[in-house]
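This briefing goes through the strands, helices and charged side-chain pairs of the structure shown below.

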Amino acid sequence: MKILFTHGYFLSEDPKELQIMRPYVPLGILYISSFIEKHGYENDVFDSTFSTLDKLKEQLIITTPDIVAIYTNLMTKLNVLKIMKYIKNEPALKNTKIILGGPEVRNHIENFLNYGADFIIIGEGEETTLELLKTIESINASTPLSMTISNIKGLAYLENEKVVTTPERALIKDVNTLPFPNREKIDFAPYLNGWKMHHGYSMMSVNTMR
């Protein structure tokens, strides 16, 4: 199973941030990338921050992933819609499933699903993503996917054109079960250089709370 994570934020489209130049790495998807890799699911991360939508499209065509998981927030949701539209209208990606997660998905579950998202992960993404991947991988043609995902907590999907939302998943209590974010999946040089050129020092962000 080929899995690609991305987040749809393009620095070149953000004139204010280009002036401020305080870019932060997408730690959220790097945590989930690391978590599922720990459980045997290899994956790639397309860090869109210093890239473009066209380059992301090229990467999608080259890799034709089975799963594209996209982090979605208030700033990126319009780009996320563009990415979903491209995937759904590109014949080479007709079998690609789209998973959305992040803080913005909860506010527009039905809209995102009707626009093209196959699954929406609500709340913490690590365990729900892992369970969903295991289910997708194990499903056979004679069993409807909806019959096997209804017990996965923290998930929303369409069934017979109606939104199904499963119960919320409890937060992970022991953060020591979480691996460190998959930082090696992305190129840190543009972040470090951007900070250095504009502020005189380099900076690396960490996540201190869940």
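This is a predicted model: local features need pLDDT of at least 70, side-chain atom pairs count only at pLDDT 80 or more; totals for chains, interfaces and linings use all residues.

In strand 2, Asp-44 is the bridge partner of Leu-4, and this pair belongs to the parallel pairing of strand 1 with strand 2 (residues 44-46), which extends over 3 bridges.

**Strand 1 and its neighbours**

- Besides its pairing with strand 2 over 3 bridges, strand 1 is joined to strand 3 by 4 bridges, and these two strands also run parallel.

- Strand 3 (residues 67-71) pairs with strand 4 in the parallel sense over 5 bridges, and within strand 4 the bridge partner of Ile-70 is Leu-100.
- Strand 4 is mostly covered, as 4 of its 5 residues are buried.
- Strand 4 is also joined to strand 5 by 2 bridges, the two strands running parallel, and here Ile-99 stands opposite Phe-119 of strand 5.
- The chain passes from strand 4 through helix 5 to strand 5 in a β-α-β crossover that is right-handed.
- A right-handed β-α-β unit is likewise made by strand 3, helix 4 and strand 4.

**Asn-79 in helix 4**

- Asn-79, which is found in helix 4, has a relative accessible area of 8% and is therefore buried, the limit being under 20%.
- Leaving aside residues up to four places away in sequence, Asn-79 touches Gly-8, Phe-10 and Glu-13.
- For Gly-8 there is a polar approach as well, in that a polar atom of the Asn-79 side chain lies 3.1 Å from the backbone oxygen of Gly-8.

**Helix 6**

- Helix 6 (residues 126-138) has 13 residues, which at 1.5 Å a residue should span 18 Å, and this agrees with the 19 Å that separates its end C-alpha atoms.
- The buried residues in helix 6 include Glu-126, Thr-128, Thr-129, Leu-130, Leu-132, Leu-133, Thr-135 and Ile-136.
- An α-helix has 3.6 residues a turn, so residues three or four places apart point the same way.

**Salt bridges**

- Side chains of opposite charge can pair when their charged atoms come close.
- The count for this model comes to 6 salt bridges, among them the pairs described in the following points.
- Asp-118 forms a salt bridge with Lys-88, with the closest N and O atoms 3.1 Å apart.
- Asp-118 lies in the loop between helix 5 (109-115) and strand 5 (119-121), whereas Lys-88 lies in helix 4 (residues 77-89), so this pair ties together parts that are 30 residues apart in sequence.
- Lys-88 has a relative accessible area of 40% and is partly exposed.
- Glu-168 and Arg-106 meet through their side chains in a salt bridge with an N to O distance of 2.5 Å.
- This pair links distant parts of the chain, 62 residues apart, since Glu-168 is in the loop between strand 7 (162-165) and helix 8 (189-199) and Arg-106 is in the loop between strand 4 (97-101) and helix 5.
- Both partners are partly exposed, Glu-168 at 47% relative accessibility and Arg-106 with a relative accessible area of 43%.
- Glu-127 and Arg-169 also meet in a salt bridge, at 3.6 Å from N to O.
- This pair again links distant parts of the chain, with Glu-127 in helix 6 and Arg-169 in the loop between strand 7 and helix 8, 42 residues apart.
- Glu-127 counts as partly exposed at 31% relative accessibility, whereas Arg-169 is buried, with a relative accessible area of 17%.

Methods. Residues are numbered from 1 along each chain as its sequence is written. Side-chain values use heavy atoms; hydrogens and water are left out. The expected span of a helix is 1.5 Å times one less than its number of residues. Buried means under 20% relative accessible area, exposed over 50%, partly exposed in between (1.4 Å probe, protein chains only). A salt bridge is a side-chain nitrogen of Lys or Arg within 4 Å of a carboxyl oxygen of Asp or Glu. A polar contact is a pair of N or O atoms within 3.5 Å; within protein, one must be able to donate a hydrogen and the other to accept it, and residues adjacent in sequence count only if both atoms are side-chain atoms. Contact means heavy atoms within 4.5 Å. Two strands pair if DSSP finds at least two bridges between them. A crossover is right-handed if, with the strands pointing away from the viewer, the path from the first strand over the helix to the second runs clockwise.
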